[in-house]
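Let's take a walk through a protein chain together.

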Amino acid sequence: MLNPTGKTNKKDVAVIGSGFAGMAASAILAANGTKVTVFEKNAKSGGRARSFESNGFIFDMGPSWYWMPDVYENYFNLFGKTTSDFYELKKLDPGFAVVFGENEVIDIPSDFDDICTLFEGIETGSGVKLRKFIEEGEFKYRVGMGEMVFKPGHSVTEFFSLKLFKDALQIQLFSSFSEHVRKYFKNPRLLAIIEFPVLFLGAMPKDTPALYSLMNFAGLKQGTFYPMGGFGKVADAFKTIAENEGVDFKNSHNVDWLEINAGSISHLHSNGNSHQVDAIIGSADYHHIENDLLPDYLQSYSDSYWSTRTFAPSCLLFYLGVNKKIDKLRHHNLFFDEDFEQHAVEIYKEKKWPTNPLFYVCCPSKTDPSVAPEGMENIFVLMPIAIGLNDTEEVREEYYKALMKRLEKFAGEDVTSHVVYKRSYCVSNFISDYNAYKGNAYGLANTLMQTAIFKPKMKSKKVKNLYYAGQLTVPGPGVPPSIISGQIAAQELLKFLKK
């Protein structure tokens with residue numbers, strides 16, 4: 001993928017946005033001889049994976065689940081590096097816990113054989129079925145995260161090879177995730193454990209391709225990991241690699257508009273200054289770049305297009321510093337003590353504030369003493385919600401009280417009065433910080449009609465030298481797909497620059 005000895009391409013490329021996709025793209029472009037400048041509107045790089053410090057706590061602002069470690073490792077290997085060059089990766093045990101009620105919590109062990117035993121104890125015969133289910137998920141992972149995921153999604157002809165077409169059928173690209181799961185499991189507890197990644201990252205399980213059981217392979221077989229120091233360390237690693245390749249980062253640089261000449265971008269205007277460019281990779285919000293930086297006649301997709309897309313959730317977040325330890329909390333805690341289906345419908349169909357929401361609590365201080373003062377807990381609370389909601393301070397506080405009441409009921413102790421730091425983050429913050437369309441947190445949902453060639457195109461349909469990367473184009477939402485998206489976009493742009 002890299003061609004460090006052939007550095008003959010002295011083109012000027014700008015990358016808009018310094019999330020994982022933007023940083024991955026910039027490093028690969030620079031390693032292939034391109035002069036790269038990254039324009040980031042925020043003071044700190046990393047996009048949604050930024051972190052912040054307050055009162056002795058270090059909070060990851062976004063990603064907290066480290067799955068698919070091979071994707072990170074493969075990227076580092078491109079530059080002669082390995083994960084351990086940047087941070088210590090620790091496998092969690094339990095990988096995560098699912099709370100079904102005050103006294104009912106299921107810990108998911110790190111060892112897959114133990115998970116099979118756990119399933120068998122809940123539903124007779126499900127241990128063997130889980131092995132078969134995960135075996136299929138592993139095949140999908142090898143195919144889906146192998147050759148197929150690196151397709152740029154320009155045209156259906158990319159999938160015309162007999163092998164890829166057969167693979168598409170075998171990985172169940174055209175089948176329902178919900179139906180697929182129910183061929184194996186009946187118990188609602190097991191269904192919740194299997195389906196939770198879809199709710200938090202994708203769409204209604206019935207609208208999601210069965211392909212995404214590859215996520216169950218990642219979570220249950222590969223395991224759940226944690227980068228010591230927090231996810232900010234991962235973002236720092238990507239920036240370090242890019243800077244080592246010569247990438248120039250301009251933080252606190254909001255891109256104002258893109259100047260077009262003869263169907264191509266000639267200059268990028270930022271903070272009142274003009275920058276000559278030969279091409280651009282937009283890894284910021286796709287809709288924002290089109291709608292706010294380009295004239296109407298050069299936009300590939302209309303507002304009506306975006307309004308009819310199915311988006312993955314936004315979320316209401318609380319970053320909490322607690323001045324005592326909370327014994328019953330694990331590192332990752334999924335609160336499924338309310339109805340899964342109702343919450344999913346309220347996110348994806350009714351698009352309203354949830355009645356009885358599921359939520360997620362991350363407590364990284366259980367694993368990493370560096371993220372909280374001694375004797376205290378660092379807590380990150382996330383509630384998935386529909387995009388576009390009006391999130392007033394009153395609404396945030398209402399849900400804070402409700403979620404904390406359920407957290408305290410599970411913990412069996414007072415937590416609220418021990419909160420010494422509190423910050424909320426929601427739809428309006430995603431819009432102000434990331435120009436996120438309707439405050440989306442994860443991008444487009446993983447529905448069949450929004451997979452691969454059905455996603456917004458990586459190459460602009462109307463601007464010759466504009467390419468896109470990130471969660472609103474291929475391959476989709478999540479950190480590993482964003483890393484891959486940056487790699488694909490860089491390779492596609494390099495082909496264009498060589499013409």
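Arg 330 forms a salt bridge with Asp 107, and their closest N and O atoms sit 2.8 Å apart; a salt bridge here is a side-chain nitrogen of Lys or Arg within 4 Å of a carboxyl oxygen of Asp or Glu. The two partners are 223 residues apart, with Arg 330 in the loop between strand 14 (314-322) and strand 15 (332-335) and Asp 107 in strand 7. Helices (H or I, at least four residues) and strands (E, at least two) are DSSP runs, numbered from the N terminus. Asp 107 is partly exposed, at 29% relative accessible area; buried means under 20%, exposed over 50%, and partly exposed in between (1.4 Å probe, protein chains only).

Before going further, keep in mind that this is a predicted model: local features need pLDDT of at least 70, side-chain atom pairs count only at pLDDT 80 or more, and totals for chains, interfaces and linings use all residues. Residues are numbered from 1 along each chain as its sequence is written, and side-chain values use heavy atoms, leaving out hydrogens and water.

Strand 7 (residues 104-108) also holds Glu 104, which pairs with Arg 189 in helix 7, 85 residues apart. Now try Asp 207 and Lys 349, a salt bridge at 3.3 Å. Asp 207 lies in the loop between helix 7 and helix 8 (214-222) and Lys 349 in the loop between helix 12 and strand 16 (359-362), so the pair ties together parts 142 residues apart in sequence. Shared partners join Lys 206, Asp 207 and Lys 349 into one network. The whole structure has 17 salt bridges.

Next, which helix gives the most to the lining of the largest pocket? That's helix 7, with five residues.

Finally, head for the largest nonpolar core, whose 110 residues include Phe 20 and Phe 238. Such a core is a set of buried Ala, Val, Leu, Ile, Met, Phe, Trp, Tyr and Cys residues joined through side-chain atoms within 4.5 Å. Helix 1 (residues 20-31) supplies the largest share, 10 residues. A second, separate core has 30 residues, among them Phe 359 and Cys 363.
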